[in-house]
Amino acid sequence: MASKKIRLVKEYDYKYDRAGNILVVDMAFDEITKQVYAIGYDLTDAEVVGGDIDAKFGLYSVNVETGEFVFIGTQNTMPFVAIAFDRDGCLFGITDKGALWEINVRTSRPMDEYHTTGILPSGLQGMATDSSTGKMYWASFSVVDAEAKKGASQLVEISFTEDGFCSHSIKGNIKDNAELIGLYVDPDPVSDGAPAVPEAFAVAPAAEGATSATLSWVNPARTVGGSELASVDIKIFRNGECVETFAGRKPGEKDSYVDNVESSGLVEYSICGVAGEKQGKAAYSDIVYVGVDRPGAPVSPAAVRTGSGYDIRVSWEAPVVGAQGGWFDKENVSYKVTRLPDGVVLDPGSKTSIVDNAITEAHGYVYKVSAVTAAGEGTEASTEPCLSGPAVTLPYVMDLQNSDDVNMWSVYDSDKDGYKWYVDNNWAGTYENFFRYYPDSKQGGGLPADDWLVSAPMTVEAGKHYVVKYQIRLLGYLYPVDYSIFMGKGNTPENMTVELERVEKAVNDIVWEQRAVSFKAEEGGDYSFGFQVKTANPIQLYKVEIREIATLDLAAVNVSGPTSGGVGVVSEYTVTVANEGYSTVDSYVVNLVDENDNVLASKKVEEALASQSVAEVLIEWSPESAGQYTLKARVEAEADGKSDNDLSAGLSVMVLNAGSWRDINDGKSKTSIVPFYLQYKHTTTQTIYTAEEVSLGSSTLEAMRYYYSVLSGNPAPFHARLWLANVSKDDFGDKEFVNPSEFTLVYDGMCAPEAVKTGQLAFVFDKPFVYTGGNLCVMAEQSTENVVPSMMVYDAYNGSAANGDSYRMVLYRNNESPFEYGKPHNGAYYDRVNASFYVTGVSGVEDVATTGDTIDMSYSSSTGELVLSSEASLRVYSLQGALLASFEPSVSFDLSGLSGLVVVEASNKSTRLTRKVRL
């Protein structure tokens, strides 16, 4: 603010920077912490609702050195239009209703309302604090007549009293229809009697490297208040220190001064006028270099293959200016050339070119060129990467985290439209480097394009099979992309003669998608691989892999499914199988095996699996004995040319004693009222499930499951404890917790959420719980020091829909201390989460009584179809209680795949019926 100089910190582009998507409303500076803050709307995930944009309103801190915005928090209860810090470092804001509130600078939440001004703000505002008086000033803007497009802009003064009360007054109008978007109160204002700022101030360093500079200016003729000066003194400052004072200079006349410095270097000059004892504001020069400078950067550096072996010719032109803008010795210059990535130094002497004939490895070589004089080495200039050296030996795996690998790819803007591939990161949740092609949105309609990304040469052998694997990410169905993959002998688009794959109108919704194309090398040699974009729509490329593959190669990628089960209980597991080979596989066998390679279940697949494609195979397993298992998947196919990937990693599964899973499920809505809040260090919930919902007689509960997904963040392991209790109360109408003394602790251990794999949290109890057949209450506690901004949502159902507006869950969450009975909590809720319990000591079907209206049931042995008189869900059990099959709500069911005497259970919201049926 003293020099009135502006330095650009960062320019934001919404396509590349998250901060470029923040609609900043106002900014404020905390004089105590020296930190800048901003408020605004994040448009990244904004939605259009009823024609209006719905975006999160957030508070951010801003790094003034880098321009980085750091998110603090959002709140959608009270949008602010202007903010300012008071002298004590407290943040205040004006709401969109014209009220003054204090804001919690650590959370973004409104804290206390101090004053209501009665002014209804509209548009942009400004706000600042006078540090000398403590008063705040608000440049308000309000709409007076919308049809006439007339607004009022006023300066509002807000005063604070010692007892915390506020008042405001209108200091005056600023200008009609003016939106003043920033205010600053000068803490050291200049007196009206001080001289004005000297004009036409300029500094000229001496020629030929002499250590002096000539300063020139026009003396101020008037005071700040406009009065004429009879005489004025001039003070001259070098780097902030006064080096000379001229007394009695004539106002309004040109003046000058020659300053001699002791040694070469950067200098900033300023001058100001003095009249009497009143010193005016200073005029500042640009920073200049006085004396002998080092050389600047060489001009037009270039690196080009000579056509002779791997040799590269490096050339440049002599530097024009000094490294810091000063004079340098152009007559006595030599040059230094450093080759990257290996750091080899070449010595061309005073010549402006050199041939590098010592290349033995494949790289995209970059040459750093600098000029050297007696004053030292000057600024470096860099060539563009030049590919040279022997071809790459496969396999090749892209690693864009280092510049050497980036330089192995050449970029060509063949359509000359200015848009081309480039390396980017920190976009859409990807912090690693990736290649990106991003034409301007005006070309989003799908205009033709011709832009290339071409690799360094790679050696392939005739007759062998290879694959090009890659990941792409596109911008949604509105931006389909046409692209092709080529190979050819040379790394220019003209050399790309063999088309491996052509893709038209490719779409995906901003997610990385694994794709691959396999090929047979008809002719051996050194080939480059090229990605050509044919549509001017955005595309991103990531993790390219090129390698030799077998003619036939199946791989068991992984196995997923329930991590807990029971003896005789049928569980379904998903095995992911990938065809990593060149040929299509017509049939194969998938086995589930244990840690000793014993086959537990097997399935033959007769569906063809094409090269580089993936299939998910469902296998059912009914354990014969209890215990801890490590399930693995093994895939078998005739003539499989590679065996080291036939066996998947293991999945740990706990098998309990004979029993069955009982689901408590009355809908699958999502809720954020959940047992575990990973955004807090401590949470405790209690949930009541009524006897009608549990639908069990006296039995033993040995495990339970919650069903969930992760909306945001990356869940970390946390400590979980579960208690169960038989209770008499059937709701939390009193909004009070059940006394923990009534509960039995059934689980105490660490929990690692893995929503991608299972979508559930499974808990095998440390000790079984005896359920007496009445209302069941579950108390769930979570504690962690690793708070993460994760949002877990659970399948849930609403108590008001099923039980007449009953509160069925109570919640406690806190970052300071765990739950204590009798202490205040966060409240009661209608929602309660779906859960499943593993039940032993009961068949799972025999104790289920028929309730509500009768459902008529008929079964045809000739067709295997079971028909109900009204829609219901259906479960089929063995006589021992093992679940054989389950079906979504319907009126007819195909049971032709089952046989023997079974128990069928039909249920809907009003009825539950069980019946023995011979299939």
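The largest cavity has a volume of about 40 Å³. The structure is a predicted model, and four cavities of 30 Å³ or more are counted in it. Around the largest cavity stand Trp421, Ile472, Tyr483, Phe531, Gln532, Val533, Ile539, Gln540 and Leu541. Two strands, β43 (525-535) and β44 (539-549), each contribute at least two residues to this lining. Sorted by class, the lining comprises seven nonpolar and two polar residues, with no charged residues.

Beyond residues up to four places away in sequence, Val468 touches Leu500, Arg515, Ala516, Val517, Phe519, Phe529, Phe531, Glu545 and Ile546.

In one of them, the ring centres of Tyr37 and Phe85 are 5.3 Å apart and the planes meet at 50°, so the pair is tilted. Because Tyr37 belongs to strand β2 (residues 35-49) and Phe85 to strand β5 (residues 80-85), the pair ties together parts that are 48 residues apart in sequence. Tyr37 is buried, with a relative accessible area of 12%, and Phe85 is likewise buried, at 6%. Ring pairs also link Tyr396, Trp409, Phe435, Tyr470, Tyr483 and Phe531 into a cluster.

Ser410 is located in strand β34 (residues 409-413). Its relative accessible area is 15%, below the 20% limit, and Ser410 is therefore buried. Apart from neighbours within four places in sequence, Ser410 is in contact with Leu387, Trp452, Leu453, Val454 and Asn491. Cys386 is 24 residues away from Ser410 along the chain, and the C-alpha atoms of the two are separated by 8.6 Å.

Ser227 is placed in the loop between β14 (212-218) and β15 (232-238). With a relative accessible area of 45%, Ser227 is partly exposed. When neighbours within four places in sequence are left aside, Ser227 is in contact with Ala221 and Arg222. Between Ser227 and Thr683 there are 70 Å from C-alpha to C-alpha, and the two are 456 residues apart in sequence.

The backbone itself remains to be examined. A cis peptide bond joins Leu340 and Pro341, with omega about 20°; Pro341 is found in the loop between β25 (334-340) and β26 (344-349). Another cis peptide bond joins Leu394 and Pro395, where omega is about 10°. Pro395 occupies the loop between β32 (392-393) and β33 (396-397).

Positive phi angles occur at Asn239 and Ser300. Asn239, although not a glycine, has a phi of about 50°, and it is found in the loop between β15 and β16 (241-249). Ser300, also not a glycine, has a phi of about 55° and lies in strand β23 (residues 299-305). Asn239 is partly exposed, with a relative accessible area of 47%, and Ser300 is partly exposed, with 46%.

Key
Residues are numbered from 1 along each chain as its sequence is written. This is a predicted model: local features need pLDDT of at least 70, side-chain atom pairs count only at pLDDT 80 or more; totals for chains, interfaces and linings use all residues. Side-chain values use heavy atoms; hydrogens and water are left out. On a 1 Å grid over the protein atoms alone, a cavity is a set of points where a 1.4 Å probe fits but cannot get out, and a pocket is an open set with protein on both sides within 12 Å along at least five of seven lines; lining residues have an atom within 4 Å of a point. Grid points are joined across faces, edges and corners, and a volume is the space filled by probe spheres set on the points. Helices (H or I, at least four residues) and strands (E, at least two) are DSSP runs, numbered from the N terminus. Ala, Val, Leu, Ile, Met, Phe, Trp, Tyr, Cys and Pro count as nonpolar, Asp, Glu, Lys and Arg as charged, and the others, Gly among them, as polar. Buried means under 20% relative accessible area, exposed over 50%, partly exposed in between (1.4 Å probe, protein chains only). Contact means heavy atoms within 4.5 Å. Rings of Phe, Tyr and Trp (its six-membered ring) pair if their centres lie within 6.5 Å; planes under 30 degrees apart count as stacked, over 60 as edge-to-face and the rest as tilted.
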